[in-house]
Every structure is written in structure tokens, then in C-alpha cells.
Amino acid sequence: MATTVHEPPKIGEGGLPALGHSGNGGLRNLGPLDGQLRAVRDHAPAPSKTGIWVFLAAIAMTFAAFTSALVVRQGSALDWRHLVLPQILYFNTLILLASSVTLELARRKVAVFMGGIRNANDTPTGWLYGTLFLGLTFVAGQYVAWLQLRSEGLYMATNPNSSFFYLLTAIHALHVLGGLGGLLYVMGKLNRLVLRRSTLDSFSYYWHFMGILWVYLLLLLWMRL
Amino acid sequence: MAKVFAVTLVLITIASAIPIVMNTWHPVPDVSAHGQAIDDQMSETMWEAGISFLASQIILAWFIWRFSGNRPGEKTKIFPGGAKGLVIAAIVLVGIEVFALGIFGVKAWGQLYFTPPGPNAMPVQVQAGQFAFYFRYPGPDGTFGPIHPDMISEANQNFYGLDQDHDADSKDDVVTAEMAIPVNREIRLLMHSKDLSHSFYVPALRIHQDFVPGLDLQIHFTATKVGKYEIVCSQLCGLGHYNMKAYLEVMSQADFDDWLKKQAAFQ
Amino acid sequence: MHDMSAHAAVHHGPPTSFIRKYVFSLDHKVIGKQYYHLALAAVIIGMVLSWLMRIHLGWTNAAIPGLHLLSRTGAPGDVMTPEYYLQLMTMHATFMVFFVLTTAPFAAFGNFFLPLHTGAEDMPFPHFNMMSFWTTFVAFCVMVSSFFVSDGPTLGGWTMYAPLSAVGSVAGPGQGAGVVIWATSIAIFCVGQLFGALNFIPNVLDLRCKGLSMWRLPMSTWAWFITSCMGLTAFSVLMPACILLILDHVAGTSFFVASNLVLNDQLQPHSGGSTLLWQHLFWFFGHPEVYIAIVPGMGIVSQVLVTNMRRPLLSHRVIIYSMGSLAILSYMVYGHHMFVSGMNPAASLYFSFPTLAITIPSTIIVLIWMGSLYGSKLRINSASLFALGFISLFITGGVSGFFLAQPPIQILLHATYFVVAHFHFTMAIAAIFGIFSGTYFWFPKMWGRMMNETLGKIHFWLTFIGVYCIFMPFHYLGLAGNVRRYQAFVVDYMQPLVGVHKFITVAALFTGAVQLIFLYNFFYSKYRGEPAPDNPWEATTLEWSTSSPPPWDNFGGRQMVVYHDPYQLGVEGAHGDYVMQDSPEQIKGAHDEP
């Protein structure tokens with residue numbers, strides 16, 4: 001790691017608040033003005049790590065809203081019909097959880113890789129491809145679940161249970177697809193050797209969150225529908 | 001400029017308060033048994049809000065008058081008590097004020113919503129639809145016939161979807177476009193919405209309740225004064241919303257019995 | 001492995017092409033200005049709509065020349081129909097609430113000044129920031145397009161209560177396509193706001209320059225930070241609500257439509273939906289939205305007042321804590337919009353107490369402002385006049401909250417003009433005064449030129465008196481039981497009130513016309529105004545340490561270091577009476593809070 005490009009001015013002891021409260025410089029230190037990419041040390045947390053929590057909070061709120069809609073709708077309804085979840089959902093759950101494992105393995109590889117041990121036969125991309133494949137399998141599996149419900153004559157508008165089933169699974173699947181887009185972005189960066197650790201970490205938080213969210217949704221659907 | 005601002009602010013404040021003090025615009029006089037508590041709560045709140053309004057605007061104006069401009073030789077002063085004093089003042093004065101209001105308000109709210117209607121309360125049903133109220137009296141048998149939504153038809157004047165040929169209970173139901181109630185008799189009002197959210201707002205009765213489609217609510221009240229009052233819809237229900245109203249006639253028991261007989265004859 | 005860990009978020013010099021510089025710009029300053037102009041366009045639409053409404057309310061059968069050009073069916077022979085009144089009313093509120101009150105004080109000023117206040121070079125995710133504006137712009141265009149569909153925009157009110165909004169065109173004109181367009185636009189808008197929060201929060205948490213602790217952030221930055229936390233949670237509840245509403249229209253589901261509804265003698269095919277569900281979801285967003293509109297105003301007003309009072313606030317932190325409590329409480333009080341809507345009456349009481357409690361932080365904020373005014377050396381200029389006006393209007397709007405927080409009083413006042421008066425004073429007019437105050441204050445920094453002070457003061461006087469003439473009588477109407485959202489007053493007891501409506505209409509036309517002075521001043525000064533010095537108001541926060549307007553990288557390559565609390569004003573022994581935040585000079589008697 002190189003040291004910072006711009007030497008910070010010397011500051012008298014009295015002028016700065018105690019560490020912990022301090023702003024640490026942020027992006028200013030990260031972006032040299034001459035446009036040359038250089039590794040710079042910085043103490044501030046990477047914004048992408050904060051950003052991903054902001055994003056996850058929004059997603060959590062959205063699904064909390066859907067959940068409360070489901071609970072209120074069930075409470076007001078006389079037309080709540082029990083719905084047997086398609087068996088394939090349990091298989092899909094395993095697939096999605098497995099994809100989290102492969103992503104973690106990839107993250108380890110990247111850590112080793114960034115640590116300087118470059119071994120052409122042992123690139124982390126393999127595990128990332130695995131994650132991509134499992135993610136796509138999950139979405140395809142969800143599609144199969146929709147087809148199964150369709151074949152039972154349960155459509156979006158058939159009853160509130162099927163409405164909520166399609167709604168929640170579809171919105172979750174959209175988020176998973178978005179995550180796969182992010183994965184492609186990460187892989188692109190890795191291939192060009194410009195991937196930041198924080199980017200990969202943020203992506204992995206997102207991806208694990210999708211897994212947790214799916215387990216939550218599955219429990220919700222299983223209990224309520 | 002600051003002084004002009006201060007004077008303008010005081011003038012605006014006083015001008016705003018005049019119609020309130022003169023009581024130029026006021027709610028329709030109350031004719032309900034429970035309304036007094038609401039009116040008391042209202043005037044209580046008006047006093048407190050009025051004093052807060054006048055005091056804070058005038059103090060604001062005074063500070064602007066007094067402390068504007070660069071006054072050489074005068075040092076910047078700290079408000080006596082500082083921020084801590086103000087926070088305590090806000091919590092103690094305003095906090096106690098508003099919580100007292102809230103707690104007193106529970107009584108006015110409770111007598112309307114937390115007391116069950118008496119056993120002799122007279123049932124009346126009101127149905128709200130775009131853009132009219134219809135009222136139904138159960139007739140001598142005291143029970144309302146079932147509503148068949150598929151039979152509701154403005155064209156056939158079957159506003160409630162009653163099947164008077166098959167349902168015994170419906171046969172003597174009386175449906176009217178105006179509401180009449182006997183004075184000093186508790187009314188149990190069953191609220192049913194035909195289509196959308198509407199509201200049953202009778203300022204004179206101090207009654208305001210929305211209709212919830214799919215959920216029939218019940219409120220109860222007693223009118224204490226004979227007269228003709230207005231029921232309006234206050235929940236946006238479409239293009240005729242402004243025109244959705246009905247009259248409420250409060251009559252003596254004898255007049256009411258006559259009226260109901262006459263209405264029954266029309267059915 | 002430098003190339004692997006290098007940070008890619010780097011600008012390769014300022015953009016040169018017109019498109020990258022002014023249209024799809026990544027520069028937070030350009031994006032802030034874009035938001036400002038979007039809000040300006042929206043406020044002009046909203047104000048013209050309010051004129052049309054007011055004319056109709058005063059003189060119901062008046063022909064408004066040229067109105068038939070906007071809608072042939074809505075205004076045959078230039079006379080507005082009842083349904084068209086409601087459609088314009090809905091659009092007035094929608095444009096004002098979403099595209100003015102949310103975008104101008106928060107997204108416009110926030111984008112421009114938040115990175116300047118934190119000493120950062122830009123937002124952390126400039127691409128998301130650009131998408132935030134353009135998503136909002138698309139939402140705006142979608143909303144505007146609803147004027148041009150066959151039966152016009154929706155008439156359901158900005159609260160879009162179901163089932164009126166969910167049963168489709170059978171409920172009235174605009175309730176089919178109009179609602180779908182409305183909900184689509186708002187859902188897109190929510191995404192745009194999420195992208196905004198995605199930048200604001202990490203910027204404040206991670207990109208502060210050296211020495212800039214959280215407590216050293218200026219008031220307005222705190223306000224934007226708190227607002228973005230609120231926006232994050234509130235808009236991510238509104239979006240699912242809009243999705244459910246759209247599905248009720250296009251997919252035949254029944255989330256909001258109950259069984260057995262009969263419209264036009266037709267039994268509706270829906271079944272079992274919950275009427276109150278929409279209200280719960282909407283107001284869970286809707287109440288925080290009120291604070292999303294007003295809290296940035298509070299921040300801006302604090303900033304402007306402090307600078308012009310030439311002294312720090314009595315306590316900077318108490319205001320921050322109070323704004324934070326407003327934000328938290330705002331989620332616990334949303335039920336006060338639903339006291340008489342069929343919710344459990346016990347829940348109404350539950351919601352009334354946090355609602356009453358919310359007066360406490362609001363009062364604290366006002367008292368701190370007023371207490372700081374005491375013994376200060378207040379400078380009067382357009383910005384500080386609007387800030388003082390904000391306080392007065394906020395007090396007026398606040399005291400009417402005493403009434404509306406109480407369920408028993410809402411029996412009298414719910415859905416009357418009293419409510420209209422209350423929210424116009426607080427979230428509408430006070431917030432607009434905050435925007436004006438911010439505009440006069442920050443214009444030199446944003447466009448590098450001064451606005452005309454004389455015109456600014458004339459604008460203030462006429463507007464201040466005008467808004468009281470418009471909105472104070474709304475209280476009286478409400479006390480008399482005048483129900484809102486009526487296009488004419490055919491109810492007997494409301495007929496004597498038509499005179500008041502005529503007075504309000506005249507006042508509204510006058511006050512609206514006064515805004516032309518502002519528009520003239522704004523556009524003239526933008527191009528022809530006197531060039532602005534770097535720090536015309538002798539302010540202390542970081543944005544005044546750079547040139548007006550700031551260079552594309554904000555501080556011209558300087559690495560900012562902060563040594564002081566944000567408001568070192570009225571400091572003895574300093575050059576002038578103030579010390580800039582980034583000035584390393586040590587001063588005796590500085591006001592750094594412990």
C-alpha cells in the first residue's frame with residue numbers, strides 16, 4: 001500500500017476533536033486530482049459499505065411493508081384460502097443458500113489473490129461463476145414454481161394468497177436478478193483487475209441478505225398462506 | 001426594516017385573532033347529548049392555542065424590534081437560563097399543557113366511542129353511495145332484512161338491494177332519502193357503504209365517522225333539540241362529493257311516528 | 001497489488017462536452033441545480049393549478065379563458081366541471097408535495113451543499129446521484145403526461161384513498177389510467193429518492209473532511225441527514241403501496257377493494273380487500289413526508305438565522321436532537337390522520353399522545369431560535385426576512401396542531417379547511433419560506449451572482465402578508481365546518497362562507513402574481529446579477545471557503561481541514577467578528593460546544 005498522495009497539513013493538537021468523532025478525510029484522499037489511479041490509504045470506511053446498508057434498509061422496509069399488508073389483508077378477508085407451496089421452493093432455498101457459500105469461497109480467494117499470491121490456476125472467478133450459475137438456477141426454479149401454480153389454476157388474481165405469493169416471490173426474484181447484475185459488474189472489475197475489496201464485500205452483504213430475505217419470505221408464506 | 005417587520009407581525013397577529021375573539025365563524029350550535037364535552041374541549045384548546053399563538057408571535061416581533069442591526073457598544077447577550085432553561089420551559093409548559101388537553105380529551109372521546117348504546121336505542125341504518133345517503137328503518141319487526149348487493153339498483157329504486165318478495169325481514173323495512181329521528185331518544189346508527197369510503201359528518205350533532213367499505217360500523221348518539229340539520233360527506237368520494245348531503249330532521253316522538261307511517265306507505 | 005485495491009471513484013478532470021457537463025452530469029452541484037429547476041417547473045404548475053382552483057371556488061361558474069385548451073371535457077366552454085376541479089386539486093397537491101417540497105429543500109439544496117459542507121469533492125456515488133435526478137425527472141414527466149390521457153389525471157386527492165382509487169374508471173373520470181399513471185410516477189419517484197438517500201447518508205458518515213466531526217456539521221447538513229434517513233424508510237413503504245395499487249388496477253387483484261361493492265348498479269368483481277390497508281401504508285409514509293418537507297427548512301432557516309444573527313445558536317445540539325426526535329416521532333403518529341376513518345377508537349387515543357408529544361421538540365426548536373434572537377445583532381436581508389417569516393408561519397401552523405392532535409376535536413375539524421390551513425402553514429408555506437430563504441442566501445454560491453435585495457424585500461413583504469391573507473381565513477372556514485375538497489358550496493350552512501372564499505381567491509391571485517417578482521429576480525440575477533464575492537454574508541461554514549460558484553472539484557484541489565464548530569460568529573478578537581470553520585487560527589472565547 002502506498003501512502004497518501006496529498007500530505008495532510010500539520011494540525012495543532014488543540015485544533016482537532018478526539019479521534020472517533022473525527023471526519024477522516026473521505027473521498028478527497030481517495031481521488032488524486034491528476035487522474036492517476038494510485039492506491040491510497042484512508043481511514044474512513046468505504047462509502048460503498050455504508051451505502052449497501054442504506055440500500056438493504058430500504059429493501060427491508062419495503063418487505064416489511066409487504067408483510068404488514070399481508071397480515072392486514074388476511075385479517076380483513078373472508079376469502080383466505082390455504083395454498084400448498086410448490087415443493088420446488090425448498091430445493092430453490094438450498095440453491096440460494098449454496099450460492100452464498102460459493103460467494104464466501106470466492107471472497108476468500110480474492111483476499112488471498114489481493115494478498116499478492118497470484119496463481120494462474122487458482123483464480124477466484126470460478127467460484128463467482130458458480131454463484132452466478134446458482135443464482136440463475138434459483139430464478140429459474142422460482143419460474144418453475146410459478147408454472148406449477150399456474151397449472152393448478154392459481155393466477156395472480158385468483159385469491160389473495162396467490163396474489164401475495166406471486167407478488168413477494170416476483171419482487172424477491174427481481175432483487176436477485178439485480179444482484180446477479182451486480183455480480184457481473186464485480187466479475188468485470190475483477191477481470192480488469194480494478195476490483196475494490198469494499199465493492200466485493202458490499203456485494204456479498206447484498207447477496208447474503210437476499211438469502212436471508214428468501215428464508216424469511218419462505219417462512220412467512222409457509223405460515224400465512 | 002426590522003421594526004416594520006415587527007409592527008407588521010403584530011398587526012397580522014391581532015387581525016388574525018379578531019375573528020376568533022369575536023366568534024365570527026363558529027361551529028353549528030350543538031344539539032347532541034355528548035357535544036358539550038367536545039365543545040368544552042374545543043374552547044379549552046382555543047384558549048391555550050390562542051395564548052400560545054399571541055404570546056409567541058408578539059415575543060418574536062419584540063425580539064426582532066429590539067435586537068436587529070449592528071448596535072456598536074452593545075455586547076451579544078445570552079438568553080437568561082440559556083438553552084437548558086428553554087428546553088425545560090418547553091417540556092414543562094407546553095408538555096403539561098398538551099398532555100392535560102389530551103387526557104381531558106379522553107373523556108369526550110370515550111363517551112362517544114367507549115360506551116355501548118343503551119338497550120332501548122333505536123336502530124337506524126345509513127347507507128352511503130356515490131353521491132347520496134339512504135336511510136333504513138327496520139319497521140315493526142325491529143330487524144333489518146339482508147342486503148343483496150347484486151340486487152342494488154338505482155333504476156329500480158332498490159337502493160339497499162332488498163328482496164322483499166323472499167325475505168320476511170325486509171318486507172316492513174322503510175327506506176328513505178332523509179333521516180328523521182325522535183328527539184331525546186338514543187339512536188344506534190349502523191353505517192354501511194355501498195361502494196366507496198364516505199363520511200357521515202353532522203356538525204350539529206358533533207358526529208363525524210367514515211364509512212368503511214366491507215366493514216359495517218356502529219355509532220350512537222342522542223339529539224336534544226327539534227330542528228332540521230344537515231348531513232354531509234367529508235370523505236372524497238368522486239365527482240359529486242360536494243353534492244352528497246342529506247337532511248336530518250329531529251322531531252318529537254309523535255311527529256316521528258307519523259312521519260315513519262307516511263314513509264312506510266310510500267314503499 | 002496496487003491495481004486491485006486502487007479506488008476507481010476518481011474524476012479524470014472536469015467534463016467538457018455539453019451533455020456531460022449540463023445534462024447527464026455527475027457533478028453534485030449541477031444535479032442540485034437540476035433539482036432546483038425541476039422544483040421551479042413543478043411549483044409553477046402547482047401554483048397555476050391553485051389559481052384555477054381558487055377562481056373556481058370563489059366564482060363557480062366563471063369561465064377561465066383558454067382552460068378548454070388544457071382539457072376539452074374537463075372545461076367545456078372554459079368552465080371547470082366538478083370532476084376537473086378535483087383532478088386539478090389532486091395534481092396541485094401531488095406536484096407540490098412530491099416535486100416541490102421534497103425536491104427543492106432536500107434534493108436541490110442538499111445535493112448542492114451537503115458535499116460542500118462536509119468538505120468532500122463530490123457525492124460518494126455520482127452515478128447514482130445522476131440517476132436520482134433523472135429518475136425523478138422521469139417521474140415528473142409521467143405525472144405531467146396524465147393531463148393528456150383521455151379522461152385526465154386522477155381525481156382521488158393526493159392521499160389516493162382506496163377504494164376510490166382502486167376500483168377503476170367506474171368510480172369516475174381519471175380513476176382508471178389516471179390512477180395507474182399517478183401510482184407509477186410516485187413509485188418511480190420513490191426509487192429516485194432512494195438513490196438520493198444512498199448518497200446523502202454515506203456522504204455524511206464517511207466523507208467528512210479532516211477535523212469535521214459529526215457535531216461540527218452545519219445545521220442544514222444535519223437536517224438533510226435526518227431527512228434522508230426519513231426518506232429512506234418512508235419512500236420504501238410508499239413504493240410497495242403503489243405497486244399494490246397498480247396491481248389492483250392491471251392484474252385484477254383485490255388488495256384494497258372490499259367485497260360486494262356496487263358502483264353504477266354493477267357489482268364489482270373484487271373481493272375481500274382491506275379499505276384501511278391503503279390508509280395505513282399511505283400515512284406511514286405520509287406523516288414522515290410532512291417532516292421530510294419541513295425539517296430541511298428548519299436546517300436552512302437555522303443556517304440563515306445564525307449567520308445573520310452574528311452569534312451561534314443557544315444550543316446547536318438541542319436543535320439536532322429535536323429534529324431527530326421529530327423524525328422518530330413522525331413514525332408513531334401517522335394514525336392521527338385516521339381518527340374518524342373507522343380505525344379502532346382506542347387506537348385513535350394511542351395515536352393522539354405521540355402527536356401531542358411532537359409539539360415538544362417543535363416548541364424547543366422555535367424557542368431556541370427565539371432565545372438565540374435575544375441579544376443578537378440581527379442583520380435584515382431577504383434571506384433573514386424569509387427565515388423570520390418561516391418562524392412566524394411555523395408557530396401559526398404549530399398551534400393549529402394542538403386542535404388536530406385531539407380525537408374529540410377532530411370530530412369537528414377533520415377534513416375541514418382547518419386541516420388545510422394547518423398543513424399549508426407548516427409543510428407548505430413555511431417550507432416554501434425555507435426554500436426562499438435558502439435561495440436568497442445561497443444564490444451567490446450557486447450561480448456566482450447576487451440577487452437583487454430590493455426586489456427580494458418587496459417579494460418578501462407582499463408574500464408574507466399575502467400568505468396570511470390566504471391561509472389564516474382557512475382556519476375560520478374550518479371552524480365553521482367547511483368541508484375540504486368541495487368544488488362548490490351547496491350545503492346550506494356553508495353558503496354564507498362563499499364570501500370568505502372570494503376573499504381568499506383574490507389574495508391567492510395577488511400573492512401568486514407577486515411570485516413573478518421572484519422569478520424575474522431569479523432569472524435576471526442568474527445572468528446579469530452583480531458578481532458575488534466568495535463570502536458575501538460573512539458566514540463560517542465550508543461552502544463559503546471556496547469560490548462562488550465553486551470549481552468542479554469544489555475546493556480547487558485543496559484538502560479541507562476543519563478546526564472549529566460551524567458557527568464561530570460574534571467572536572471577539574477575530575478579524576471581523578467571525579472565524580471560518582477551516583481557519584486554523586486559535587481564538588479565545590470561541591463557542592465550541594464541549
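Two residues are taken to be in contact here if their C-beta atoms, placed from the backbone, lie within 7 Å, and I start from that cut-off because the interface counts that follow rest on it. Please keep in mind throughout that this is a predicted model.

Let me begin with the interface between chains C and B, to which chain C contributes 83 residues and chain B contributes 91 residues. On the side of chain C that touches chain B, at least two residues come from each of several elements, including α5 (82-117), α9 (275-309), α13 (382-404) and α16 (453-479) of chain C, and also the strand β1 (262-263). The largest share of that side, 10 residues, is supplied by α12(C). Sorted by class, the side of chain C that touches chain B holds 55 nonpolar and 22 polar residues, together with six charged ones.

Next, I would like to look at one helix pair between these chains. Helix α2 (residues 35-67) of chain B and α13(C) have axes that come within 9 Å and cross at roughly 170 degrees. An angle over 145 degrees counts as roughly antiparallel, and therefore α2(B) is roughly antiparallel to α13(C). From α2(B) the contact draws on residues including Thr45(B), Glu48(B), Phe53(B) and Ile64(B), while among those from α13(C) are Leu388(C), Ile395(C), Val399(C) and Phe403(C). By class, the residues of this contact of α2(B) with α13(C) comprise 10 nonpolar, six polar and one charged.

I turn now to the backbone. Most peptide bonds are trans, and most residues other than glycine have a negative phi, so the following places deserve a mention against that background. In chain B, the peptide bond from Gln130(B) to Phe131(B) is cis, with omega near -15 degrees, and Phe131(B) sits in the loop between β1 (122-129) and β2 (132-137) of that chain. In chain C, Ala162(C) and Pro163(C) are joined by a cis peptide bond with omega about 0 degrees, and Pro163(C) lies in the loop between α6 (126-145) and α7 (177-206) of chain C.

What is phi of Asn23(B) near? The value is near 55 degrees, and the residue belongs to the loop between α1 (2-21) and α2 of chain B, where Asn23(B) is exposed, with 9 other C-beta atoms within 10 Å. Asp78(C), also not a glycine, has a positive phi of about 70 degrees and is placed in the loop between α4 (67-70) and α5 of chain C. With 14 other C-beta atoms within 10 Å, Asp78(C) is partly exposed.

Definitions and conventions
Residues numbered from 1 in each chain as written. Chains lettered and ligands numbered in written order. Predicted model: local features only at pLDDT ≥ 70, side-chain atom pairs only at ≥ 80, totals over all residues. Helix = DSSP H or I, 4+ residues; strand = E, 2+ residues; numbered from the N terminus. Nonpolar A, V, L, I, M, F, W, Y, C, P; charged D, E, K, R; others polar. Axes fitted to C-alpha atoms, helices over the stretch in contact; angles between N-to-C directions. Parallel < 35°, antiparallel > 145°, perpendicular 65-115°, else oblique. Buried ≥ 20, exposed ≤ 12 C-beta atoms within 10 Å, placed from the backbone.
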